[in-house]
Amino acid sequence: MKLILLGPPGAGKGTQAAQLVERFSIPQVSTGDMLRAAVREQTPMGLKAKEFMDKGALVTDEVVIGIVRERLQQPDCESGFILDGFPRTVPQADALAETLSVLGKDLDAVISLHVETDALVERLVGRRSCRGCGRGFHISFDPPAKEGVCDSCGGELFQRDDDKEETIRKRMEVYHQQTVPLENYYRQAGLLKAVDGMAPIAEVQQQVLGILQAL
Ligand code: AP5
Ligand code: MG
Ligand code: ZN
C-alpha cells in the first residue's frame with residue numbers, strides 16, 4: 001500500500017500513520033521526523049533546515065525531495081509506505097510522481113484530513129512527543145498514563161520547538177498558500193479521499209481503514 005496523508009499542522013497525520021504502521025507493517029515516511037533527526041544530529045542539512053522550521057516556513061523543495069527520493073529506495077519501502085508531510089508543494093508532488101514512475105510504482109490513495117483551525121491550534125499547543133521513540137500524545141485528548149512519561153518506552157515527553165502559538169499560525173498560513181493546491185492536484189488524479197479529522201482518534205482511524213478496504 002502506497003499512501004499519502006495530507007492535512008494541515010496538527011491534523012493527525014503522525015497519529016494516524018503510527019496506527020497504520022502497526023496494522024500493515026509498512027514504514028511511515030515523515031519528512032518532519034527526518035528533518036528533526038537531522039537537526040538533532042547537527043548535520044549541515046539539519047542546521048540549515050532548522051532555520052526554516054523555527055520560523056514555520058518550508059524547507060526547500062530540493063532538500064526534502066532528495067531525502068524522500070533516497071528513503072523510498074530503501075528495501076523496507078518495497079511493499080509500501082505512508083508518506084506523512086510530503087509532498088507539500090506542487091514541485092514536490094511532481095518530483096514524487098517522477099520518482100515513483102522510475103521505481104515502477106503507483107500511489108493507491110491520498111487521504112486528506114480535514115480539521116478546523118481552532119481545533120488544530122488546541123491540538124498543537126497540547127501535543128507532547130517522546131524523545132525516545134517519537135510517539136505523540138496530547139495532554140487532554142491522548143494523555144500518557146503518567147504525566148511527562150511515554151507509555152511505550154518510558155522516555156521523556158517534550159514540546160516541539162515549532163508548537164508555539166505564533167509559529168503555529170505561520171505554519172497554517174504556509175499550509176494554505178503552498179499545500180492546499182495539492183487537494184486539487186490529487187483530486188484531478190482521482191486519488192483524493194477526504195476524511196473528517198475532527199472525530200476522535202479511533203474514529204478517524206476507522207474512516208481511513210474503510211477507505212483502504214474499498215480501494
Ligand atoms: P511536520 O513535522 O510534518 O509538521 P506538520 O505538518 O506541521 O504537522 P504536525 O506534525 O504538526 O501534525 P500532525 O498532522 O502529524 O499531527 P499529530 O498526529 O502529531 O513538519 C514540521 C516542519 O518541517 C515544517 O513546518 C517544515 O518546516 C518542515 N517540513 C516537513 N516536511 C516538509 C516538506 N515536505 N517540505 C518542506 N518542509 C517540510 O497530532 C497533533 C496533536 O493532536 C497530537 O497531540 C495528537 O495526540 C492530537 N490528535 C491527533 N488526532 C486527534 C484527534 N482526532 N482528536 C484529538 N486530538 C488528536
Ligand atoms: Mg506530524
Ligand atoms: Zn517513547
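**A helix across a parallel sheet, and a ligand shell**

Helix α1 lies across the strands β1, β2, β3 (81-84) and β4, running at about 170° to β3, where contact means heavy atoms within 4.5 Å, and where axes are lines fitted to C-alpha atoms, for helices over the stretch in contact, with angles that run from 0 to 180 degrees between N-to-C directions. Helices (H or I, at least four residues) and strands (E, at least two) are DSSP runs, numbered from the N terminus. This is a predicted model, in which local features need pLDDT of at least 70 and side-chain atom pairs count only at pLDDT 80 or more, while totals for chains, interfaces and linings use all residues. Residues are numbered from 1 along each chain as its sequence is written, chains are lettered from A and ligands numbered from 1 in the order in which they are written, and side-chain values use heavy atoms, with hydrogens and water left out.

The sheet itself is open and has five strands in the order β2-β3-β1-β4-β8, with parallel pairing; two strands pair if DSSP finds at least two bridges between them. Its edge strands, each pairing on one side only, are β2 (28-30) and β8 (192-196), and the twist from one strand to the next averages 25°. Within this sheet, β1 (residues 2-6) pairs with β4 (residues 109-114) in the parallel sense over four bridges, and leucine 6 stands opposite serine 112 in β4.

Turning to the ligand, 36 residues surround ligand 1, and the closest are Thr15, Ala57, Arg88, Arg127 and Phe137; a residue is near if one of its heavy atoms lies within 4 Å. Polar contacts, pairs of N or O atoms within 3.5 Å, include one of 2.6 Å between an oxygen atom of ligand 1 and an N or O atom in the side chain of arginine 88. Taken alone, ligand 1 exposes 1,000 Å², of which the protein buries 96%, the areas coming from the Shrake-Rupley method with a 1.4 Å probe.

Two or more residues of the shell are given by each of α1 (13-24), α2 (31-40), α6 (117-125), β6 (136-138) and α9 (201-213), with the largest share, four residues, coming from α2.

How values were computed: Polar contact = N/O pair within 3.5 Å; in protein donor to acceptor, adjacent residues only side chain to side chain.
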